[in-house]
Amino acid sequence: MSDTALLIVDLQNDYFPGGTMELEGAEAACARAGQALAEFRARGWPVFHVRHLSVRPGATFFVPGTPGAEIHAGVRPAEGEVVVEKNFPNSFRATDLAKRLEAAGAKHLVVAGMMTHMCVDATVRQAADLGYRVTLMADACATREQSYGGERVPARQVHTAFLAGLNGLYAKVVPAAEAIANLKGEKP
């Protein structure tokens, strides 16, 4: 068994066209995450899906029991793949993700997810702090524009800034194709 696991964070319907919180580039990011997922499945390596459920009053997306809260069909979990439900941006907070990763013998996490500036950022930083080696697939993530102080920050700039902040100390940030190619050199 490999010590490398795939972690797919919040690729849920509300982030895609027609959802209540559509992200820029969600479909392309999901396609790349799907390629990584196919590689992990072909090798029989561990896959972990994280699904956010909004339980705070007034939540407008990822509301439990709605189609928007479901994991997108492009990366839908297969039989036996772990699905961790969370209620906070950090996938480790108040979940059993760390325990499940430990049980699987995971030491290296390959990550795809949404939103780059929120749940991906929080999860990758926590994973690194917990001692995992993290590879973040830059183009298997998506986000949306932000604003601060009356200034609009386009999604592409938000995405790039957060990837730059994670690259190095917290993760090795690479395109999905490079991450998948690197897996081919790893032994099962």
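Predicted model: local features only at pLDDT ≥ 70, side-chain atom pairs only at ≥ 80, totals over all residues.
By class, the contact of H3 with H4 comprises 5 nonpolar, 4 polar and 2 charged residues. H3 spans residues 116–129 and H4 spans residues 155–166. The two helices pack at an angle of about 10°. Their axes lie 10 Å apart. Angles under 35 degrees count as roughly parallel, so H3 is roughly parallel to H4.

H3 also belongs to a β-α-β unit, together with strands S4 and S5. This unit is right-handed. Within the unit, S4 and S5 are also paired directly: 6 bridges join S4 to S5 (residues 133–142), and the two strands run parallel. Strand S1 (residues 4–9) is likewise joined to S4 by 6 bridges, again in parallel.

Strand S4 covers residues 108–114. In a regular strand the side chains alternate between the two faces of the sheet. In S4, His108, Val110, Ala112 and Met114 point one way. Leu109, Val111 and Gly113 point the other way. Residues of both sets are buried. Because 7 of the 7 residues are buried, S4 is largely enclosed by the rest of the structure.

Technical notes
Residues numbered from 1 in each chain as written. Heavy atoms only, no water. Buried < 20%, exposed > 50% of the residue type's maximum accessible area, 1.4 Å probe, protein only. Helix = DSSP H or I, 4+ residues; strand = E, 2+ residues; numbered from the N terminus. Pairing = 2+ DSSP bridges. Right-handed = clockwise from strand over helix to strand, strands pointing away. Axes fitted to C-alpha atoms, helices over the stretch in contact; angles between N-to-C directions. Parallel < 35°, antiparallel > 145°, perpendicular 65-115°, else oblique. Nonpolar A, V, L, I, M, F, W, Y, C, P; charged D, E, K, R; others polar.
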